[in-house]
Amino acid sequence: MTATGGAVPPLAVVTGAGRGLGRCLVRELDRLGHRTVCVVRDPVDAVRLATRGENVRPVVGDVRDPAVGPDVAEIVGDDALHLLVHNAGVAHPPRTLAQLGPDDVLDSFLTHCLGPLRLTQALLPALGRAPRATVVHVSSRRGSFAVAEKDDGPGARHYAYRIGKAAQNMLSLSLHQEFAASGIRVLAVHPGALRGAMGAPDARDEPATAAAELVRLVLTEPWRRLPPFVERAGDPHPW
Ligand SMILES: NC(=O)c1ccc[n+]([C@@H]2O[C@H](COP(=O)([O-])OP(=O)(O)OC[C@H]3O[C@@H](n4cnc5c(N)ncnc54)[C@H](OP(=O)(O)O)[C@@H]3O)[C@@H](O)[C@H]2O)c1
């Protein structure tokens, strides 16, 4: 209960909340009355998010850094965590093998897979305290073998992004399988082709629209019905 006797609002953690889809997810969750812990890299983004009010709690951190899990877990404290959204993402420019720097691949793997793995580990006790918790990996069609197999044009040069997102998909599926019988649902979600810094030049979808649909999906879709890899409206996405 809150100090005024009301029910405590549900709690969410969103990474990469400074711009794009992450920022819109925070706005949407805030509009619906959730409390949100937001992981951002830039302190300026943290200051801006903090102006939204007491339900939005920014943390400055980099998901590649092992310290981010303990930092976020400390803020969550003994609360139940209802929703964890691994949204932080990075797209390196497409390269041929001859041009590719292995650091790009490592950066993508750390951002999309190992960072989320560590953060989920750190927040597992809090997720377990919620009667029903959801972990979302904001994935991409580019991490799908079924989609990539048919895209042997310029898309095939996205080595770092494809490898990082495929690793994130496998992490998501493994967690889904480990926790299927428990109160923690784990999903990989392709959010669509979004306008913004990372989006393709012909991307049509507004991040705000995608965020509203993704939040609706997670909060209203019957808890066990969704397949483990979905489009943001809930249709199955091939692995
Ligand atoms: N845009 C698309 O068309 C599209 C399509 C499919 C999937 N996705 C996925 O959707 C998610 C959001 O994409 P978006 O379009 O909103 O991209 P965006 O506008 O580029 O935003 C990405 C966010 O992730 C943050 N970030 C990156 N690396 C981070 C790290 N190591 N630690 C903490 N934060 C980090 C960025 O922080 P800074 O501001 O500090 O850089 C930024 O706030 C990503 O996972 C992306 O892969 C996007």
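Leaving aside neighbours within four places in sequence, Thr 96 is in contact with Arg 157 and Tyr 159, where contact means heavy atoms within 4.5 Å. That pair of partners comes from a predicted model, where local features need pLDDT of at least 70, side-chain atom pairs count only at pLDDT 80 or more, and totals for chains, interfaces and linings use all residues. Residues are numbered from 1 along each chain as its sequence is written, and side-chain values use heavy atoms, with hydrogens and water left out. The chain itself has 7 helices and 7 strands; these are DSSP runs numbered from the N terminus, with helices being H or I of at least four residues and strands E of at least two.

- Thr 96 sits in the loop between strand 4 (83-86) and helix 4.
- With a relative accessible area of 31%, Thr 96 is partly exposed; on this scale buried means under 20%, exposed over 50% and partly exposed in between, using a 1.4 Å probe and protein chains only.
- Pro 154 is 58 residues from Thr 96 along the chain, and their C-alpha atoms are separated by 9.6 Å.
- Tyr 159 belongs to helix 6 (residues 159-179) and also counts as partly exposed, at 31% relative accessibility.
- Not counting residues up to four places away in sequence, Tyr 159 touches Arg 95, Thr 96, Leu 97 and Leu 100.

**His 137**

- His 137 is found in strand 5 (residues 133-138).
- Its relative accessible area is 0%, so His 137 is buried.
- Setting aside neighbours within four places in sequence, the contacts of His 137 include His 86, Pro 116, Gln 168, Leu 171 and Leu 175.
- Val 186, Leu 187, Ala 188 and Val 189 are also among the residues that His 137 contacts.

**Helix 4 with helix 6**

- These two helices pack at an angle of about 20 degrees with their axes 6 Å apart; axes are lines fitted to C-alpha atoms, for helices over the stretch in contact, and angles run from 0 to 180 degrees between N-to-C directions.
- Helix 4 and helix 6 are therefore roughly parallel to each other (angles under 35 degrees count as roughly parallel, over 145 as roughly antiparallel, 65 to 115 as roughly perpendicular and the rest as oblique).
- Helix 4 passes helix 6 in a right-handed crossing, meaning that the near helix is turned clockwise from the far one by less than a right angle, with anticlockwise giving left-handed.
- On the helix 4 side the contact includes Phe 109, His 112, Pro 116 and Leu 117, and on the helix 6 side it includes Ile 163, Gln 168, Leu 171 and Leu 175.
- By class, this contact of helix 4 with helix 6 splits into 13 nonpolar, 5 polar and 2 charged residues; Ala, Val, Leu, Ile, Met, Phe, Trp, Tyr, Cys and Pro count as nonpolar, Asp, Glu, Lys and Arg as charged, and the others, Gly among them, as polar.

**Helix 3 with helix 4**

- Helix 3 (residues 68-76) and helix 4 (residues 102-129) have axes that come within 8 Å and cross at roughly 20 degrees.
- That angle makes helix 3 roughly parallel to helix 4.
- The crossing of helix 3 with helix 4 is right-handed.
- Val 68, Gly 69, Pro 70, Val 72, Ala 73 and Val 76 in helix 3 meet Leu 119, Ala 122, Leu 123 and Ala 126 in helix 4.
- Sorted by class, the residues in that contact are 9 nonpolar and 1 polar, with no charged ones.

**Helix 1 with helix 7**

- The axes of helix 1 (residues 20-31) and helix 7 (residues 207-220) come within 8 Å, crossing at roughly 55 degrees.
- This makes helix 1 oblique to helix 7.
- Helix 1 goes past helix 7 in a right-handed crossing.
- Among the residues that meet are Leu 21, Cys 24, Leu 25 and Glu 28 from helix 1, and Ala 208, Ala 211, Leu 214 and Val 215 from helix 7.
- The contact of helix 1 with helix 7 has 11 nonpolar, 1 polar and 1 charged residues.

**Whole chain**

- From the N terminus on, the elements run β-α-β-α-β-α-β-α-β-α-α-β-α-β.
- Buried residues make up 49% of the 239 residues.
- The C-alpha trace spans about 60 × 40 × 35 Å along its principal axes.
- Among contacts between residues at least 6 apart in sequence, 67% join residues at least 24 apart.
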